[in-house]
Amino acid sequence: MKKLSIVAAMAIVAAGFTACNNGAPKASLKSDVDSMSYAVGMAQTQGLKEYLVDRVGMDTTYMGEFIKGLTEGANAGDNKKKAAYYAGIQIGQQIANQMMKGINQEVFGDDSTQTISMKNFMAGFISGTTGKQGIMTMEQAQTVAQTKMREIKARVLEKTYGENKAEGEKFLAENGKKEGVVTLPSGVQYRIIKEGTGAIPADTSLVKCHYEGRLLNDSVFDSSYKRGEPIKLRCNQTIKGWTDAMTKMPAGSIWEVYIPQELAYAERQQGIIKPFSVLKFKIELLEVNPAK
């Protein structure tokens with residue numbers, strides 16, 4: 001038998017039933033079609049209650065309200081006005097139960113005392129949906145959303161990981177004064193362990209290299225040496241600090257490179273790398289292929 005959707009099955013059931021309290025229909029099985037309709041309706045609900053609780057977050061205390069809305073929706077048929085209203089209800093609930101929670105988690109982390117503005121979110125959402133002129137164009141909104149989310153998230157994270165930032169700044173200030181340490185205009189520092197004489201890669205060059213990455217406490221977070229084989233990558237396909245260092249580095253060189261947090265992962269956490277962490281790398285440039 002071809003499986004029907006939940007909504008389609010409920011529409012069949014509702015058509016043959018009479019309403020009782022809270023809009024729930026009462027079965028009247030007077031024919032084979034009646035019995036089939038009831039059976040199909042029940043069969044289609046397997047797992048639905050669990051879905052409503054686990055995925056939708058519905059409180060079963062209000063099951064009567066769910067049945068009321070379900071019945072109204074099924075009886076609405078192709079009424080476009082009601083269909084638009086129900087679609088608004090559905091998306092509105094997704095905003096409340098999924099979008100808002102997801103955005104708050106992304107921006108504010110575990111700080112439940114902070115939240116984005118529902119009033120302004122809805123003003124922007126409605127303006128974008130209706131296409132009516134808003135405060136921003138769609139392109140501006142996308143840019144502002146990305147920029148402001150990052151700025152606000154960085155401020156929130158700095159409250160927790162501000163010590164990392166201060167520690168890194170202190171380290172770089174002291175390290176830059178050491179003999180043999182060169183500081184580039186970007187703030188990247190390096191110390192030559194072995195001087196190479198080969199080609200210097202462009203940012204689009206494909207290179208082969210060995211490396212070991214460490215935190216300021218010398219904990220190793222990644223190492224091609226441990227994996228037993230070098231990596232191949234384009235110089236511009238990694239963090240900015242790496243690109244800046246490698247495009248100054250002749251093939252055959254081994255450098256120790258010190259990368260400021262803003263040229264590494266900044267406010268992002270990557271495994272054991274906490275936000276605002278200065279990173280240290282031993283980089284051995286083995287081979288440079290021409291840029292393409």
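A salt bridge here is a side-chain nitrogen of Lys or Arg within 4 Å of a carboxyl oxygen of Asp or Glu. With that in hand, I opened my notebook on this predicted model.

**Entry 1: salt bridges**

I searched the whole structure and found twelve salt bridges. Side chains of opposite charge can pair when their charged atoms come close. I then picked out a few of them to look at.

I began with K148 and E151, whose side chains meet at 3.5 Å, N to O. Why are they about one helical turn apart? They are three residues apart in helix α7, so about one helical turn separates them. I noted K148 as partly exposed, because its relative accessible area is 45%. E151 is partly exposed too, at 33%.

Next I looked up E256, which forms a salt bridge with R214, and the closest N and O atoms are 2.5 Å apart. This pair links distant parts of the chain: E256 is in strand β8 and R214 in strand β5 (residues 206–214), 42 residues apart. Are the two partners buried or exposed? I found both E256 and R214 buried.

I also wrote down that E256 and R214 belong to a network of salt bridges, together with R191, E212, D218 and K280.

My last pair was D244 and K248, whose side chains meet in a salt bridge at 2.9 Å, N to O. D244 has a relative accessibility of 17%, so I count D244 as buried, the cut-off being under 20%. K248, at 36%, is partly exposed.

**Entry 2: aromatic rings**

How many aromatic pairs does the structure hold? I counted seven. A pair of rings is described by the distance of the centres and the angle of the planes.

One of the pairs is F171 with Y258, which is tilted, with 5.9 Å centre to centre and 55° between the planes. F171 lies in helix α7 (residues 138–175) and Y258 in strand β8 (residues 254–259), so this pair ties together parts that are 87 residues apart in sequence. I checked Y258 and found it buried, with a relative accessible area of 4%.

Then I turned to Y190 and W255. Their ring centres are 3.9 Å apart and their planes are at 5°, so I put the pair down as stacked. Y190 is in strand β4 and W255 in strand β8, 65 residues apart, and the pair links distant parts of the chain. Both Y190 and W255 are buried.

I noted one aromatic cluster as well, formed by Y211, F221, W242 and F281. I also found a charge over a ring: K165 lies over the face of F276, at 5.5 Å from the ring centre.

**Entry 3: V188 and its surroundings**

I looked for V188 and found it in the loop between β3 (181–183) and β4 (189–194). V188 is buried, with a relative accessible area of 0%. What does V188 touch, not counting residues up to four places away in sequence? My list reads V182, T183, G241, D244, A245, V257, Y258, P260 and L263.

N175 lies in helix α7. I found N175 buried, with a relative accessible area of 3%. Leaving aside its neighbours within four places in sequence, N175 is in contact with V181, Q189 and Y258.

N104 lies in helix α5 (residues 80–108). At 16% relative accessibility, N104 counts as buried. Which residues does N104 touch, beyond four places away in sequence? I wrote down G109, Q114, T115 and I116.

**Entry 4: on the surface**

I finished on the outside. T160 is found in helix α7. Its relative accessible area is 56%, so T160 is exposed, the cut-off being over 50%.

Y38 has its place in helix α2 (residues 32–43). Y38 is partly exposed, with a relative accessible area of 35%.

Technical notes: Residues numbered from 1 in each chain as written. Predicted model: local features only at pLDDT ≥ 70, side-chain atom pairs only at ≥ 80, totals over all residues. Heavy atoms only, no water. Helix = DSSP H or I, 4+ residues; strand = E, 2+ residues; numbered from the N terminus. Buried < 20%, exposed > 50% of the residue type's maximum accessible area, 1.4 Å probe, protein only. Contact = heavy atoms within 4.5 Å. Phe/Tyr/Trp six-rings, centres within 6.5 Å; stacked < 30°, edge-to-face > 60°. Lys NZ or Arg CZ within 6 Å of the ring centre and 35° of its normal.
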